Amino acid sequence: MHHIEIYISNLEKTREFYSWLLSLLGFTLFQNWSQGFSYRKDGFYLVFVQVQEKYLPNGYNRCHIGLNHLAFSCEDKDKIDRIREQLILKGIPLLYDEQYPYAGGMNHYAVYFEDPDRIKLEIVFQE
């Protein structure tokens, strides 16, 4: 995969959220301009672009046709635990937390949550 571009509703909220998260996962800032930004890791990058005002009312719903979620690999389980703790401290609601860390199955150590636009995110341990 080369890159993924995501339209967002609030540039500053999204920048704050993803700058924190992607830095923890080893991504570095790649591009930055008035209507967006991107983070890169290992030749792959994620682009976030402010949606035009006229499209804001449409919102996002992961249950409609299109993207369901993004899953990021993580090199160790302890890091996933630390990220989960930080999500809780930041007041970011967790998904399926009653089944943490095996909501995806007994061999799938992961934490699930949503970004500011409610795009579901997963951070999963990859052996």
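Predicted model: local features only at pLDDT ≥ 70, side-chain atom pairs only at ≥ 80, totals over all residues.
Strand E2, residues 28-33, pairs with strand E3, residues 36-41, in the antiparallel sense over five bridges. E2 and E3 form a hairpin in which two residues lie between the strands, and Asn32 stands opposite Phe37 of E3. Strand E3 also pairs with strand E4, residues 44-50, again in the antiparallel sense, over six bridges. Here Gly36 has Val49 in E4 as its bridge partner. The hairpin of E3 and E4 likewise has two residues between its strands, and Asp42 takes a positive phi near 50° in this hairpin.

Four strands take part, in the order E5-E8-E7-E6, and the pairing is mixed. Strand E5 (69-74) and strand E6 (94-95) each have a single partner strand and stand at the edges, so one side of each is left without a neighbour in the sheet. Within this sheet, strand E7, residues 110-114, and strand E8, residues 120-125, run antiparallel and are joined by five bridges. Val111 has Ile123 in E8 as its bridge partner. Helix H1 packs on the sheet, where it touches E5, E7 and E8; the direction of H1 makes about 10° with that of E8.

The helices may be considered next. Two packed helices are described by the angle between their axes and the distance between the axes. Helix H1, residues 11-24, packs against helix H2, residues 77-89, at an angle of about 165°, and their axes are 11 Å apart. Because angles over 145 degrees count as roughly antiparallel, H1 is roughly antiparallel to H2. The crossing of H1 past H2 is right-handed. On the H1 side, the contact is made by Trp20, Leu21 and Leu24; on the H2 side, it is made by Lys79, Ile83, Gln86 and Leu87. By class, this contact of H1 with H2 has five nonpolar residues, one polar residue and one charged residue.

Is Val124 buried or exposed? Val124 has a relative accessibility of 10% and therefore counts as buried, since the limit for that class is under 20%. Leaving aside neighbours within four places in sequence, Val124 is in contact with Phe72, Ser73, Cys74, Ile80, His108, Tyr109 and Ala110. Of these contacts, Ala110 is 14 residues from Val124 in sequence, yet the two are 4.2 Å apart in space, C-alpha to C-alpha.

Definitions and conventions. Residues numbered from 1 in each chain as written. Heavy atoms only, no water. Axes fitted to C-alpha atoms, helices over the stretch in contact; angles between N-to-C directions. Parallel < 35°, antiparallel > 145°, perpendicular 65-115°, else oblique. Left-handed = near helix turned anticlockwise from the far one by under 90°. Contact = heavy atoms within 4.5 Å. Nonpolar A, V, L, I, M, F, W, Y, C, P; charged D, E, K, R; others polar. Pairing = 2+ DSSP bridges. Buried < 20%, exposed > 50% of the residue type's maximum accessible area, 1.4 Å probe, protein only.
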